[in-house]
Every structure is written in C-alpha cells, then in structure tokens.
Amino acid sequence: MRRRERDVIVAALIDCRGAAAARGSTQTPTYDFEAFGDASSIAAQGTTVHYLSKFVNPAHPLPTGCDVIFRGVAPGASLAAMKVFGNDRTPLSTILEGMDWAVSVDHVDVLNESVGIDAIPDTGQNLLVQFNRQAVAAGVTVVAASGDEGAGNMIISPASDPSAIAVGASTQLRTLAETGEAGGDLVGKGWLNDSISDFSSSGFTENGRTLDLVAPGDQSLETCTPDPLYLNCQSLGTGLSDVAYFSATSESAPIVAGVAALVIEAYRNTHGGASPAPGLVRQILLSTANDLGYPSSEQGAGLVDAAAAVHAAETIDYGDGAPPADNPTGSAGSAPSAPVFLASPGQLDLVATAGHGSVGQVTVRNPSAVAERISAGVRSLGVPFAHQQGQVTLDPATDPTFVDDFGTTQSYQEVTFTVPTGVDLLGASEVQAGDGLPVQMTLFDPLGRLANYTVAPGPADYSRAEVSDPAPGRWTAVFYAPQSGGFSGSVLYDFTFSRFTSLAAVRPTSLVIPPGGHGTVVVSLPPSATPGDRGDDLMLSNGVGQQSVVPVVVRTLVPLNGGRGTFTGTVTGGDGYSGIGSRDTFQFDVPPGTPAIGVNVSLANAPGTQLYGFLVGPDGETSAEGGTVDDGSGNQVMQLHHLAPLPGRWTFEEYANDPVGGTSIAPTFTGLISLAPVPVTATGVPDGYQARIPIGGSRTASVTVTNPGPSPISVFLDARRYTSSQYALVPLNHATVTLPRTSSSPHFLIPTQTTTLQAAVKATAPVEFDWGFYDPSLLGTGSGDYASSTFSAREVAPVEWEIDPALVGPLAGPTVATATAGMIATTRTFEPSVSSSTGDAELATIDPNAPAATPVTIPPGGSAKVTVTFTPTPADGRYIAGDLYVVDDVASGPAFNELAKIPYSFQSG
C-alpha cells in the first residue's frame, strides 16, 4: 500500500487554534503560526540568520549580535503540509481529508497531529481515532499533541488513544529571560529547563492511559515570513518579523515526529532499506527517553532523546518486539557493543477492585551484542509531607510593576517560601477569589533562576506549576496581573512538598539478559482504598547510561455493596483553555437484571463551578447526561439516571466547566452510585386485556414520583408503544447553513428509546459532513451534492447531536454553497392516546407544533403527583400497549434521563 524509499516523509496537520487561511484562498490574512512552527520544528534547514535584537520589545532590549538560526529535528526529511484549517473553524471531515491525502497520496511515514478535540465522553469512537488506528495498521507512525489544557486528566483526543504517541510539553525558559515574558528577567540570574509546562495536558484518560513522552514546547521561537498576509509574523515591539513565538504541545508533537523520522531513517540505513513498524518506533522512543523526575502521569516515559533513539534503531534486528524467524535470538551481526534495552509494553494499564491489588508484567529485550544486567523498581509520588499556604492581595493601584514582553505593565506581589531538603517535587498552586483576567505566577529558585511559571490561556481561576528536585532554600513566587483591567483582590496559594516512595513490589529486582535475549519484570501493586486512577513508575536501568520509565496506571473500580458505592475526588483544574478545567473517570460493574443506575454528585466549597456528568455503558454509548446546580448553600449538586442498564462495566465521567476559585485551592466532590430505581407509584394505570376503555371515553390515573437525589428534577411523562416508527427530527436551531460555515451547525435533540439515526445533507456543491455527539463522531459521505450516514445502537444517546457540513476538497479557489441538513430517528412509537398534566417534552423533538410541556420540578426528598389520561380513538387500534416513562428533562444537557417506566395495556372500543 505504501511506497518504500529512503526518504522519510512527515506530514504535519495544523492546530485549529492557530488556524491557517481559509481553504482555497491564498490572499486571506491569517494566523499561520502553527504552519511555521511545525515546519520549523521538523525540517528547518538552518540557512538563514535571524536577529533577536529586532524581535524583542524595546522595554527588553538585546544587543546587536543576538542572532539565531533554525534547524529542525529532521532537516533531511521530506515534509508534506496539509492545509485543512480555515480562519473561523474546520469540520472534522475536512481534517480527515487532509489526513487521508497524507497517507493515501503522499504515502507519509509519520503523521504529526498538532490538533485535537476535548471528546467527553472519550470512548474511542471519534473520527480522528478511527482514522489513526487504520493509519497505524497501514504502517504510519502517528504522533499527537496531548493538548494545552493543563493538569487535571485533560489529555485530548486523538492523543488519548494508544494508536497515537501522546506528547506533552517541557520547558526551555531562556526565551522568557531574554524577552521579559512572565517577569522572566525580574531577577536576571538565569533559568532552568526541563520542567513540565503548566499548560501541558496530563493525567489519565477515560480508557485508563496517560502520556507517552514530553518534548520542548514552552516557550520557543519559529521562523516566519514577514508579510502582512501572516498576522502572527510580528515582532514584540512593532512591525513585521521573520521570528515569532511558538509554544504549546503543538510544538512538542512535531519535535517527536521529527525524532520518529530519524528513527525510521536510522533503521532503514542499517536494515537493508526495511522500515520499522509503528509499534517498534514507539517502543524505541519510549524506551530511550530521559526521566525528568516527574510522575509518569505528567511526563510519560520522559523527555524524548533523539541520539539514544537513533542508536537503538541501529542496534535492533527484529520488528515490533519479536525476532525474525531466521534469527531467533535477535542478535545482529552489526549490533554494536554499546548496551541498549527495550521495554514492552510502553505503558502498563491495570484494573483493580477494592481490597484487591493488581499485577502486570513488562518484557525487557536486549538487542545489543553484550549481556545486560537490568535493575527494576517502582516509585510512587506520595502525598505532600508539608505545605505552606496563605493568601496575597493584588492591588494594581499600589503594587509594584514590571513591563512584560509585549510592553504591557503588570502589577505584582512577591511571596517567599522555604523548600526543605529531600523534596522530589515542588508544587505551587493558586486560585483567585473573584472575576478579572487570570492571575499568573512565576517561580524563582534560591539562586534567582527562573524555574517555572504559569500561563493564562483559559478562563479558569486555578493554575499550578511544578519543579522536580527543587534546590532547598528560600524560593520566590511572583503573582501578577495586568495593571489595567487586571485582577484586584485575594489570591490563595499552596506550596506543597512531596517525595517519591515505593508502594509496589517488583520481581526480580535484578536480572541478566543475554545478547538478543529477553526477560520479564512482574509488578505487583497493593489494593487502593480509593476508587479512581493512580499512577506509578516502573524504573528500569542497565547501570551504564540508560534508565527507562514505564508508566503504570491503575484504575480501581467503585465497589458496589448492596447495590450502592461511593467515590470522591478533587477539582484541581487545568487552565480551562477549552472551557474545561478538569475531569475524572470512575468505573463500576453492573450485574445482569439490574433495574436502574443512579449517580449523585455533590461539590462543596466551589460556588460558581459547574460540573457535568456522563454515564456511559459497556457498549460505549452515553446513556445519561447532567449538570450541577447550586443547592442554595453553595454546594453544587447533580444526579443522573438510566433504566434497565446493560450488564458489564459502566463509566461515570465528570468534568469541571471553567472552575471558579476563591474559597478552596482544591474543592472536593463526593459521589454515590445506586442500583435502585427512583421511587414511583402508579394508581389507576390500565394494565391487561381485562382493561377496556371505550372509543371516545377516557380513564385517568396518577403517578407519584419521589426525588431521592441531591438536586431538583424536572419530571414529565412520555408514553411509548412497543412498536417502532421513523420520525424526522426538528432542529433545535436551524437546518440550513452557508458553506464554509461561520454560524452554528444544525443541532438536534434525540428522543429516548431511539435505536437508529439517519443523517443527510443536500447542498449546492459537493458536500460531506461529520456528525454525532463527541463519541461517537461519524462521517457522512456520498456523491456530489448529497451525503448521508446511518448509526445504530441498543439505545442512541438521548442528548444533543449535531451535523457539521463541509465542502469536499481539495479546492482550487474560494467556494460558497448552501447546505440543508436533516436527521431521522427510528424510535419507539409515541402513544397518541395518552396525555398527562406535564405534557411530553420529547414530542417537541419530532413535531414543531407540539404543545409546550410543563414538567413538574421536584426538590430533593420531595414528591409530586402527575395525572395521566388514556383516551383511545378509532385510529389507535383495538389493543393498545406500551410503557409510560417518567423522564427528567435535563436543561443543562439538554438531555433526557429516564427515571422509571410503568407498563400499560388496554382494549379500546
């Protein structure tokens, strides 16, 4: 399928947050920093001198002669750039076009994806993940940015899927000291590198994984074309510039992609032109990375090491972890004596039940020509053994000031604190109490060196910076905000000091592996009393230069005793770049015959912070959605429900939307899982052949609902027959859009009990579309100006879905078209002979003229009675049967959560 040649081809996709010009238009001014940055990081040739003295702001002058050249990680690679993003927005279908072109037409060896989405839930059904899995199967190594959301389990998709090498960002802070960014030259005593960037997405994914690697991504420079067409090619003073800032995991990913290209080239040069499989490229990159002294949930295997990776590629004489049949020992005649080892898998993903530990194993292979003694152990970051907490008040009218890299005056306050000896990780967290531009923080070590800092890309009021192996002594934290329009008020801070411990057992702790041989290391972790995710680090060393970190992720299930279980966590927040500050995943097992699932969540000490929750079944489909409301006492509360759940492993995922600080550094949430149904009693509902209602007559019944959860519910009744029907869904906003689209896409609310959705788009030009609800996200294709797609499930998520049309490319020039979208649902037939005092809110999804529903709001612990009337007509038939569902109208979704069902049946006439 793919051509084999000595040139390594790397494809770069440009991040939508730094969008390229509208497709087909080469004269539209655009922010093209991703295109320049990716190209610079991978393949810059180092032939042009750039003068930094012309780039910096006059407030931070540099002397003449401060010049640089840009040379990419793999300047000999062939670079294929996919121009897929527009100035406003880009559908996933358009991104997929570029990815498909890269693999199918350009036959790339490495696919760099400085792009991603916050897929919540993230079940691996979205289009980017599906494509990457196929690309890897076709022999393409995929590298993806982890995202710029900060800490808090915020690794974005597709980096969250093991098909891609997930890359986070490490620091190189010289630029801050040179330009004055973040007050980096306030002290002027130098800088430290190789910390984890505060914006680098880290933590644990929904599928129980973490990062693979980190690479420099904060803060660097790129070569740029000084032309008004490229809006970011500006100096920090005034005027056009051939140098620009480039920062984010979108910088880190192309660096790793470039190293992957070097690995492929080295392997081909020493293996007769044969190419390493993507799994082997991953294994080499992870096994040779450098430990930065951070937990693997923040650094993965560590900092990518190009020289070590190339050396390893040259020693190996087997593919994807298995020696070839004609060389069973795996020893190569050309294998150098310098030792190297490879570990597999690159991450150990384990699941544990409460009260029981977990066991996993890692295979260590020795492809070198000498025997190696491998030492093994596990480290775990303990809870902080000491804190220094307090608050500082910012007052722009009286605080001292400094001028930043853009010439903006910043007001600031300094706080000093003492780091004791023996600290493995210094954590510095802050939250601001109130509105205003986010407060930022910069850390200086006892020698006055810039150690780390926080950026403020999002609206979250929380930020955190960390430093590994911090020097003991007196440190300084600078808290600052713009003097004009910035924050004024109290900032809470918490400096924490932690050490690595060893909680796990490893056997053996030392093993000798002969040339070409392999050995096994078994890791046994003790049980955890706390459901959720935790990370440990398997440390492997050959004692002569190579030390590898294998991330170990353990997910402890929520135990359900007597049909009930509890969990807890903290909203520690990311930076809120995408509006999401943090997320947590909890899983639990549901036995066959379970009548219902209910999940309650309460968040204390966080007024203004809203949590959202999703309940996902073993089939990967979202079954319930909800959001928190304030209970009147400052607590945020939420409840979700689902009827007749599939047996198997269920997932509850919550995320914090734009966390608002001020009362607590890390507010705590608690959760309760119950397998009991919502208490409902019915009186007078006809049930059986003996029940008869004459045509034109009626029977009135009542349904009493009790709210068992911590938040109010808005209840209505929804009557459905046992048969199924097809209904054209009513768009929530509009059905027709102009392409390229700058307005919102068509949205539809899916009724409960839906098993199939059909989506279609008709346009005035060749069209395609993507559609869905996070996961699944689906692709609609066709011929010419019509495209369609169908999705089926046991029950389609009863939440808001969208259809996002796009023009089919590649385009030779600007094209404008009109597109009309529609969706048809196959669902249980709505019962025309039943009405209730609440009305049926789901009727509005299929009938634009449906009577407005009036759900009854039931407070926590309260009850309400709803009347229901059965009135058959001749058109309804002789025997009528179905279920009367009690449904929560979840306005925060919007979504529908079914609380209970009551069967009904009667004869008419």
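What percentage of the 909 residues in the protein chain is buried? I took buried as under 20% relative accessible area, exposed as over 50% and partly exposed as in between, with a 1.4 Å probe and protein chains only, and on that basis I noted 59%.

Conventions first. I am working on a predicted model, in which local features need pLDDT of at least 70 and side-chain atom pairs count only at pLDDT 80 or more, while totals for chains, interfaces and linings use all residues. Residues are numbered from 1 along each chain as its sequence is written, and side-chain values use heavy atoms, with hydrogens and water left out.

Overall fold. I looked up the secondary structure as DSSP runs (helices H or I, at least four residues; strands E, at least two), and found eight helices and 56 strands in the protein chain. The radius of gyration, over C-alpha atoms, is 29 Å, close to the 29 Å from the globule rule for 909 residues, so the chain is as compact as a globular protein of that length; the rule is 2.2 Å times the number of residues to the power 0.38. Along the principal axes, the C-alpha atoms fill a box of roughly 95 × 70 × 65 Å.

Cysteines. Taking a disulfide as a pair of cysteine sulfur atoms within 2.5 Å, I found one in the structure, formed by C224 and C233 with their sulfur atoms 1.9 Å apart. The torsion about this S-S bond is about -70°, so the disulfide is left-handed, and both C224 and C233 are buried. I then checked C66, whose sulfur lies 20 Å from the closest cysteine sulfur, in C224, too far for a bond; C66 counts as partly exposed at 26% relative accessibility.
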